[in-house]
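Here are a few exercises on aromatic rings and sheet packing, each with a worked solution. Have your viewer ready and try each task before reading on.

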Amino acid sequence: MCGNIFDIKRYAIHDGPGIRTTVFLKGCGLHCWWCHNPESQSMGMVSMKQVRKLNGREFDELRPVGYEITAADLVEEIAKDYVFFEESGGGVTFSGGEPLLQPTFLLACLKGCKARKIHTCIDTAGVASGEYLEEICRYTDLFLYDVKTANPEKFRQCIGEGFEKACDHLKTIAERGNRVIVRIPVIPGFNDDSKSVEEILALLQTMPALREVSLLPFHRTGSDKYKRLDMEWKMGDVASLKEDDLQGMRATFREAGYQVL
Ligand code: SF4
């Protein structure tokens, strides 16, 4: 069973509990304007320009992004970090891209990791067919589930198609009893106003099993990749946010009874 990935990041500390190995799967049907990993969006291989220096002069080189790997080989790679997982309460996080777009590969990796007693986490925006979702849930300890807006029109304009699917899958996972941390990327001008926050809150309140929320400040990391991929960076000169900028929003979710991580 083969899948397409584009990176493996070891010793990650922001992708779930403890020290984690994060695997980035290729392919995403969305095109969030602020996406940090635009090279992930195409399921196939892409080439990204990289500036190299030779004898004090710069030149561009095209670097291929993405490669095929078998689930068995990937599990072997992940298991090399077992000692760190054990000591820190960490594990593996499958991110992307959208990991649910390669459901059979993901499932094979999850099963392999669980057979080795590795804590498993999926970082998803939920826009995928949902095929195998029930079985994927059985082998997943934690979902980091992106909720970017509760407004279908804004979703369509700045993210893509699939708002209803994202909501349906979130509901299915939450009602099934899987642990879910709702991750909200806070994007200036898109979802940082009080109306947008109230809308997201109202959406989450329709799913009472959801209790944990994490807010992620927008930052411009990755904006240079757009140039290197010949893609348009639609966020212009919007400045990065700092953790402190989110205090008010964090308080709103806390007051509504959510654990804000
Ligand atoms: S869902 Fe994630 S990977 Fe897909 S475009 Fe949005 S930010 Fe990028």
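**Exercise 1.** Which residues form one aromatic cluster?

*Solution.* The cluster consists of Phe218, Tyr226 and Trp233. Rings of Phe, Tyr and Trp (its six-membered ring) pair if their centres lie within 6.5 Å; planes under 30 degrees apart are called stacked, over 60 edge-to-face, and the rest tilted.

A word on the model: it is predicted, so local features need pLDDT of at least 70 and side-chain atom pairs count only at pLDDT 80 or more, while totals for chains, interfaces and linings use all residues. Residues are numbered from 1 along each chain as its sequence is written, and side-chain values use heavy atoms, with hydrogens and water left out.

**Exercise 2.** Classify the pair Trp34 and Phe190, and say what it ties together.

*Solution.* Step one: count the aromatic pairs in the structure, and you get seven. Step two: for Trp34 and Phe190 the ring centres are 4.9 Å apart and the planes meet at 45°, so this pair is tilted. Step three: Trp34 belongs to the loop between strand E2 (20-25) and strand E3 (46-54), and Phe190 to the loop between strand E9 (179-186) and helix H7 (194-205), so the pair links parts 156 residues apart in sequence. Helices (H or I, at least four residues) and strands (E, at least two) are DSSP runs, numbered from the N terminus. Step four: check burial, where buried means under 20% relative accessible area, exposed over 50% and partly exposed in between (1.4 Å probe, protein chains only). Trp34 is buried at 6%, and Phe190 is buried at 6%.

**Exercise 3.** Describe the surroundings of the Tyr258 ring.

*Solution.* Start with its partner: Phe253 and Tyr258 make an edge-to-face pair, 6.2 Å centre to centre with 70° between the planes. Both Phe253 and Tyr258 are buried. Next, look for a charge over the ring (NZ of Lys or CZ of Arg within 6 Å of the ring centre and within 35 degrees of the ring normal). Arg211 lies over the face of Tyr258, 4.7 Å from the ring centre.

**Exercise 4.** In what order do the nine strands of the open sheet run, and which are the edge strands?

*Solution.* The order is E5-E1-E2-E6-E7-E8-E9-E10-E11, with mixed pairing; two strands pair if DSSP finds at least two bridges between them. The edge strands are E5 (67-70) and E11 (259-260), each pairing on one side only. Inside the order, E6 (residues 91-95) and E7 (residues 119-124) run parallel and are joined by four bridges. Gly91 stands opposite His119 in E7.
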